[in-house]
Each structure stands twice: as structure tokens, then as C-alpha cells.
Amino acid sequence: MIDLSAVRFLSSVMLDILGQLRRRVGTDRALLRLCGVHPQVLSVLKVTRIDTLFPIDADRDAALAAV
């Protein structure tokens, strides 16, 4: 789980790191989840289609419950 609740901006470097992390984790989407994504950050994830690589949960509790 990656908690992004304190993140308000994602640089292109961070977007690349998320992509690399996804490749290292593998194709099973359930292995890594994003949570607490601020609406502004979520819009960036959607534009870059990174939102299709990870399940996104509202908060940590929801992410833990989904596992």
C-alpha cells in the first residue's frame, strides 16, 4: 500500500517511479494499492493512465480491508 494522503503534487519522476514499481511488482493488481489520493493527484494519475495500473482506495482502512 502506498498512502498518498500527504501528496499534493506528483512530478514526472514520481510518475516514472510508480510505473517502475508496477513492473517490479508484476501483473497482479492486488499486490500494490494506492490510497488517500488527493483529487488533484488523482486527475494526474487519470491523465497519465497510471490509475489503470493500481487499485485506488479512499484511505488506509479501505486499502487494508480490500486485501
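Residues are numbered from 1 along each chain as its sequence is written. Because the model is predicted, local features need pLDDT of at least 70 and side-chain atom pairs count only at pLDDT 80 or more, whereas totals for chains, interfaces and linings use all residues; side-chain values use heavy atoms, with hydrogens and water left out.

The sheet is open and consists of 3 strands in the order 1-2-3, with parallel pairing. Strands (E, at least two residues) and helices (H or I, at least four) are DSSP runs, numbered from the N terminus, and two strands pair if DSSP finds at least two bridges between them. Strand 1 (2-3) and strand 3 (56-57) are the edge strands; each has a single partner strand, so one side of each lacks a neighbour in the sheet. Strand 2 (residues 34-35) is joined to strand 3 by 2 bridges in the parallel sense. C35 has D57 of strand 3 as its bridge partner.

The whole structure contains 2 salt bridges, a salt bridge being a side-chain nitrogen of Lys or Arg within 4 Å of a carboxyl oxygen of Asp or Glu. One of them links the side chains of D3 and R60, at 3.3 Å from N to O. D3 belongs to strand 1 and R60 to helix 3 (residues 60-66), so this pair ties together parts that are 57 residues apart in sequence. D3 is partly exposed, at 32% relative accessible area; buried means under 20%, exposed over 50% and partly exposed in between (1.4 Å probe, protein chains only).

A salt bridge also joins the side chains of R33 and D57, with an N to O distance of 2.6 Å. R33 is in the loop between helix 1 and strand 2 while D57 is in strand 3, so the parts tied together are 24 residues apart in sequence. R33 is buried, with a relative accessible area of 12%, and D57 also counts as buried at 12% relative accessibility.

A63, in helix 3, is buried with a relative accessible area of 1%. Leaving aside neighbours within four places in sequence, A63 is in contact (heavy atoms within 4.5 Å) with M1, R33, C35 and D57. The C-alpha atoms of A63 and M1 are separated by 7.1 Å, the two residues being 62 residues apart along the chain.

R22 lies in helix 1 (residues 12-25) and is buried, at 17% relative accessible area. The side chain of R22 reaches the backbone oxygen of L53 at 3.0 Å.

How values were computed: Polar contact = N/O pair within 3.5 Å; in protein donor to acceptor, adjacent residues only side chain to side chain.
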